[in-house]
Amino acid sequence: MATMIQAIRMALHVGESRLGVTDIFGEDVGPPLGGVFTGTQGLETAWNTPLDERGIVGTAIGLALAGQKPVAEIQFCDYAFNTIDLLKIAGNICWSCAGDWNVPLVLMTPVGAGIRGSLYHSHSFDATATRLPGWKIVMPSTPLDAYGLMLSAIADPNPVMYLMPKALLRVKAEAGETIPGEPDDDKLLSSMIDAPLGDRSAWKPRWPELEEMYIPIGKARIARPGSHVTVLTYGRNVLMSLAAAAELAADGIDTEIVDLRSLHPYDWDAITASVRKTNRVLCVNEDTEITNFGEHLIRRITEELFYELHAPPRLLAGGHLPGIGLADSLEMASVPQKDGVKAMIAELARHEP
Amino acid sequence: MSSSVPATRPPSVVAGPGRLPAELCVQIYDLMLRTRMLEDRLITMYKQGEGFFWIGGPGEEAFSVPLGLLVDKGQGVDHDYLHLHYRCAGTLLAMGADPVDSIRQMRNAATDPYSRGRNFAGHFSNRAWNVVPVNSPIAVQFAVALGTARAQRAGTGAKGITIVEGGDAGTAEGDFASALVWSTRKGQELPLLMIVTNNRYGISTPYAGQHGYEQIADRGKAFGMPTQVIDGNDPEISYPALKHAIDYVRTERKPYLLEVMVSRLRGHSSASGANLVKGEIDCLERFEQTLDDRKLLTRADMDERRERYTHELAEASKRVRSEPHPAPSGVWDHIFADENLVGGRSGGRT
C-alpha cells in the first residue's frame with residue numbers, strides 16, 4: 001500500500017506521461033532531491049526553481065496561459081503568503097476577461113502541524129485558500145484520495161490548489177484502498193519508485209502500470225458513518241477524528257465523519273444529508289479560529305439547517321496564535337488533538353436541547 | 001546612404017540617416033493621432049460622467065504604436081505574448097483593435113470585449129492575439145511573463161517571444177527582480193523582452209524618491225543581459241530600437257531589457273484630474289513638426305485627420321451610450337471555465 005506521498009508521486013507520473021503535464025517545479029522539486037517530502041522523485045518534467053515563490057506562482061500562471069499544464073509547488077504553505085496577490089490573479093484572470101482566457105494550473109503545498117515544525121513549517125492554509133475566489137481547493141486524507149484528487153486537479157481547466165497534509169504524507173493506505181495498478185507489496189513499490197539514499201544520478205524509477213482514477217472535485221467522502229454527531233473535517237483531522245470516534249463508540253456514541261476532500265467547491269449536499277441525520281455538528285480543522293473555514297460552514301448550517309439542529313454547532317480549530325511553538329507541549333496546545341476532538345463530540349452527543 | 005536602401009522599397013519611400021521610410025512615418029503618425037484622439041475621448045467621457053475612472057497613455061504613443069506594429073500577432077507559443085501596461089492603447093490600435101471597443105470598456109458596457117464591463121479603461125485582453133489580461137498592479141506581470149516565456153524557450157521550437165511592459169516605479173516590486181533572475185539562468189534563458197516605460201513618476205513620487213541608480217536598465221547589466229535606454233518620444237528612435245530588441249530576443253532566445261523614457265501628459269490617471277501637464281514633451285506635436293519639416297504631410301492634412309478622428313470617436317461614444325451595461329446576474333459568470341480554452345501549442349486555436 002502506498003503512502004500519501006508515493007500516491008502523489010504516482011499521480012504526477014500519470015499526469016506527465018498521459019494527461020499532458022508539462023512542468024512540475026518548485027524549490028528542490030527537480031533532481032537530485034525530488035522534493036523535500038520526496039513527492040517529485042524520478043519525474044521526467046520536474047525542475048528546480050530559484051528560491052522565489054512569486055516567480056513560481058507567476059511562472060505557473062504564464063505556463064498555463066501559454067497552453068502548458070504546470071504543477072507548481074510551494075515547499076511549505078508558510079512560504080505562500082508572499083504570493084497572495086499572484087494567487088488572486090490566478091483566480092481572477094478568467095473572470096476579469098469574462099472567460100476569454102482560463103488558467104489550468106495545479107499548485108501543491110504541504111500544510112498544517114504535526115511534525116513539530118515550529119513557526120514556519122506548521123502553518124495551515126485552508127482559511128486563506130478559501131478566501132481566493134476562482135480557485136478550486138482540495139485536500140486529501142488518504143493515499144487513494146491523494147491520487148484521485150491529483151488526477152482531477154490536473155484534468156481541471158482552472159487553478160486548483162492541492163493542500164497536502166504534511167503529517168499524513170508518510171502514512172500508508174488502509175487495506176482496501178489500493179491505487180489501481182500499484183503492487184500489493186510495500187517493499188516492492190518502494191524499490192520501484194523511491195530514490196535510493198546517496199548518489200542517485202544513475203537511478204531511474206520503474207513505474208507500475210497505473211490506471212487513471214479520478215476523485216471528483218466537490219465531492220465529500222463519508223469516512224465513517226454514524227448517527228449521533230457529524231464531524232466536518234479534512235486532511236490530518238480526518239484521521240484524528242476517526243480515532244476519536246473509534247474510542248467514543250465504546251461509550252455508545254456513534255459519530256459520522258465527513259471528509260470534505262474539496263473545500264471549494266464543497267459538498268453541501270453531503271453536509272446537509274449528514275446534519276439532517278445527526279442534528280449535531282462539529283467542524284474540525286487546524287487553521288486559526290478567527291475567520292476560519294469551519295465558521296463559514298457553521299454560518300451556512302445555522303442559516304439553512306437551523307431547525308435540524310439539536311445543539312449549537314461547534315468549531316474546534318487552531319488557536320488565534322501568531323505561530324505554532326516548537327515544544328511538544330506548545331504544539332499540542334495550539335491545534336486540535338484527538339482528546340479535544342473526542343471531548344467535543346461527547347459534549348455534543350450529550351447536549352439536550 | 002542611398003546604397004543602404006533596399007531595391008524592393010517603393011520609390012515614394014525615402015529614408016535619410018536615422019529616418020524611417022516615409023510611408024511608415026505616416027502610418028505611425030496616423031496611429032499615434034488615433035490613439036491620442038481616443039485617449040482624449042476617454043478623458044472627455046470620464047469628465048462627462050460616462051465612466052468611473054480613466055487611466056491611459058497620452059504621451060507614450062511614439063513608443064506604444066511601434067510596439068504594436070512590430071509584434072508577431074497571433075495565438076499560441078509561435079506568436080508573441082503581450083503582458084501590457086494599461087497605457088498601451090497605441091499598441092492595441094496598431095495591432096488592429098477597434099477604438100470603439102476602448103470606448104465600450106470606458107463606459108463599462110456589456111459589449112466591452114476586453115472585460116465585459118468588469119475592468120478599467122486600458123485593461124485589454126485578446127486571446128486570439130496573445131494579449132494577456134492586463135492587471136492593474138502592472139509589475140506582477142513580470143512574474144507571469146516568465147511562464148509564457150518559458151513555454152517559448154530555446155529547445156521548444158516555439159517561434160514567438162514574450163514581451164512584458166511595466167512602469168519605472170513598479171520595478172521596485174520583487175517581480176521585476178524575479179524576471180531578472182529567472183530569465184538569465186545559464187542554459188535556461190528565457191526569450192523575454194522586458195520593457196520599462198520611464199515617465200519619472202510613480203503617481204506622485206518622483207523617480208529620485210525611489211531609485212538610487214541612474215537608469216533602471218543598469219540593473220540588467222548585472223545579469224549579463226543586453227540593455228538600452230531610449231527616447232520614447234521619437235518613433236524614429238523607438239521603432240528601430242524595438243525592432244533590434246525583438247529581433248535579438250527572437251533569434252537568441254534570451255532576455256533583453258529596454259528602458260523607454262516617455263512623457264505623462266495627463267498625469268497618472270483621472271484621480272489627479274487627467275489635465276494637461278505642463279513641461280512634458282508631447283511626442284505627437286514633435287512628430288507633426290518632423291512630418292511638416294520633411295513635407296511628408298501637410299498641416300492641413302494633419303488637421304483634417306485630427307478633426308475626422310475626433311468626430312468619429314464622438315459619434316462612436318454616442319452610439320455606445322445605447323449599448324447595455326452588464327446584467328447584475330452576470331457577476332457569477334466565468335468564475336470557472338468549463339473547458340480548457342488555452343491548451344496546446346496553438347493556445348487553443350482550432
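The model is predicted, so local features are limited to pLDDT of at least 70 and side-chain atom pairs to pLDDT 80 or more, while totals for chains, interfaces and linings use all residues. Residues are numbered from 1 along each chain as its sequence is written, and chains are lettered from A and ligands numbered from 1 in the order in which they are written.

Chain B first. Ten helices and seven strands make up its secondary structure (DSSP runs numbered from the N terminus: helices are H or I of at least four residues, strands are E of at least two). Its radius of gyration is 20 Å, close to the 20 Å from the globule rule for 350 residues, so chain B is as compact as a globular protein of that length (the radius is taken over C-alpha atoms, and the rule is 2.2 Å times the number of residues to the power 0.38). The C-alpha trace spans about 60 × 55 × 50 Å along its principal axes.

Five strands of chain B line up in an open, parallel sheet, in the order β1-β2-β3-β7-β6 (two strands pair if DSSP finds at least two bridges between them). At the edges sit β1 (81-83) and β6 (227-231), each pairing on one side only. Neighbouring strands here are turned by 15° against each other on average, direction ignored. Three bridges hold β1(B) parallel to β2(B), residues 162-167, and B:His83 has B:Val164 as its bridge partner in β2(B).

Elsewhere in chain B, helices α2 (61-70) and α8 (235-252) bring their axes within 9 Å and cross at roughly 40° (axes are lines fitted to C-alpha atoms, for helices over the stretch in contact, with angles from 0 to 180 degrees between N-to-C directions). The two helices are therefore oblique to each other (under 35 degrees is roughly parallel, over 145 roughly antiparallel, 65 to 115 roughly perpendicular, and the rest oblique). Their crossing is right-handed, that is, the near helix is turned clockwise from the far one by less than a right angle. Residues in this contact include B:Phe63 and B:Leu67 of α2(B) and B:Tyr239 and B:Leu242 of α8(B) (contact means C-beta atoms, placed from the backbone, within 7 Å). By class, ten are nonpolar, one polar and one charged (nonpolar: Ala, Val, Leu, Ile, Met, Phe, Trp, Tyr, Cys and Pro; charged: Asp, Glu, Lys and Arg; polar: the others, Gly among them).

Now chain A. Its open sheet has seven strands in the order β2-β1-β3-β4-β6-β5-β10, with mixed pairing. The edge strands β2 (46-48) and β10 (262-264) each have a single partner, so one side of each lacks a neighbour in the sheet. Twist averages 20° from one strand to the next. Two bridges join β5(A), residues 136-138, to β10(A) in an antiparallel pair, with A:Val138 opposite A:Ser262. Helix α2(A), residues 53-65, lies across β1(A), β3(A) and β4(A), at about 175° to β3(A).

Helices α1 (4-18) and α5 (143-155) of chain A come within 8 Å, axis to axis, and cross at roughly 30°, which means α1(A) is roughly parallel to α5(A). This crossing, too, is right-handed. The contact residues, among them A:Ile8, A:Leu12, A:Tyr147 and A:Leu151, divide into 14 nonpolar, one polar and no charged.

Conventions:
Two residues are in contact if their C-beta atoms, placed from the backbone, lie within 7 Å.
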